[in-house]
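This report is meant for a reader who meets the structure for the first time. The sequence and the model come first, and the description follows.

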Amino acid sequence: MTIDQLVNFDGNMPNEVTVEDKSLMEQVKLIAELEEDERNMVFKMIDTFLTKKKFKDFFKKNVAML
């Protein structure tokens with residue numbers, strides 16, 4: 001079972017998002033220029049924050065259903 005299946009247990013998978021914020025795209029390009037270990041650290045931090053938000057939203061939604 002994937003994390004998306006856990007977070008979106010009811011089957012409502014989120015749609016793909018297209019990023020059009022140029023400043024964000026510039027930041028991603030700069031991140032890509034970092035050394036591999038620094039780049040991996042940045043992406044691990046981002047993944048951690050996103051996972052935390054998904055779980056928070058999931059539990060908030062499911063507790064409201066009780």
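## Aromatic residues and their setting

Phe55 counts as partly exposed, because its relative accessibility is 28%, a value that falls between the limits of 20% for buried and 50% for exposed. The model in which this residue is described is a predicted one, and the values given below are therefore computed from predicted coordinates.

The structure holds 2 aromatic pairs. One of them joins Phe55 to Phe59 in a stacked arrangement, with the ring centres 6.1 Å apart and an angle of 20° between the planes. Both of these residues lie in helix α3, where a spacing of 4 residues places them about one turn of the helix apart. Phe58 and Phe59 form an aromatic pair that is edge-to-face, at 5.3 Å centre to centre and with 70° between the planes. The angles explain the two labels, because planes under 30 degrees apart count as stacked and planes over 60 degrees apart as edge-to-face.

How exposed or buried is each member of the cluster? Phe58 is buried, with a relative accessible area of 19%, while Phe59 is partly exposed at 47%. The table places these values beside those of other residues of the chain.

| Residue | Relative accessible area | Class |
|---|---|---|
| Phe55 | 28% | partly exposed |
| Phe58 | 19% | buried |
| Phe59 | 47% | partly exposed |
| Asp57 | 37% | partly exposed |
| Met45 | 47% | partly exposed |
| Lys61 | 43% | partly exposed |

## The chain as a whole

Read along the sequence, the chain follows the pattern α-α-α, with 3 helices and 0 strands. Buried residues make up 6% of the 66 residues in the chain, and Phe58, at 19% relative accessible area, is one that counts as buried. The accessible surface of the chain comes to about 6,300 Å², and 60% of this area belongs to carbon and sulfur atoms.

Confidence should be kept in mind when the model is read. The mean pLDDT of the chain is 82, and 74% of its residues reach 70 or more. Among the helices, helix α1 (residues 3-7) has the lowest confidence, with a mean of 70, whereas α3 has the highest, at 90. Where pLDDT is low, the predicted coordinates should not be read in detail.

## Charged and nonpolar features

A search of the whole structure finds 1 salt bridge. Asp57 forms a salt bridge with Lys53, and the closest N and O atoms are 2.6 Å apart. Asp57 and Lys53 are separated by about one helical turn, because they stand 4 residues apart in helix α3. Asp57 itself is partly exposed, with a relative accessibility of 37%.

Lys61 is also placed in helix α3, and with a relative accessible area of 43% this lysine is partly exposed. When residues up to four places away in sequence are not counted, Lys61 touches Asp10 and Asn12.

A nonpolar surface patch of about 360 Å² is made by Met41, Met45 and Phe49. Met45 has its place in helix α3, which covers residues 36-65.

Notes. Residues are numbered from 1 along each chain as its sequence is written. This is a predicted model: local features need pLDDT of at least 70, side-chain atom pairs count only at pLDDT 80 or more; totals for chains, interfaces and linings use all residues. Side-chain values use heavy atoms; hydrogens and water are left out. Helices (H or I, at least four residues) and strands (E, at least two) are DSSP runs, numbered from the N terminus. Buried means under 20% relative accessible area, exposed over 50%, partly exposed in between (1.4 Å probe, protein chains only). Accessible areas come from the Shrake-Rupley method with a 1.4 Å probe; for residues, only the protein chains shown count as cover. Patches are made of residues with over 30% relative accessible area and no salt bridge: like charges are joined within 9 Å, nonpolar side chains (Val, Leu, Ile, Met, Phe, Trp, Tyr) within 5 Å. A salt bridge is a side-chain nitrogen of Lys or Arg within 4 Å of a carboxyl oxygen of Asp or Glu. pLDDT is the predictor's confidence in each residue, from 0 to 100. Rings of Phe, Tyr and Trp (its six-membered ring) pair if their centres lie within 6.5 Å; planes under 30 degrees apart count as stacked, over 60 as edge-to-face and the rest as tilted. Contact means heavy atoms within 4.5 Å.
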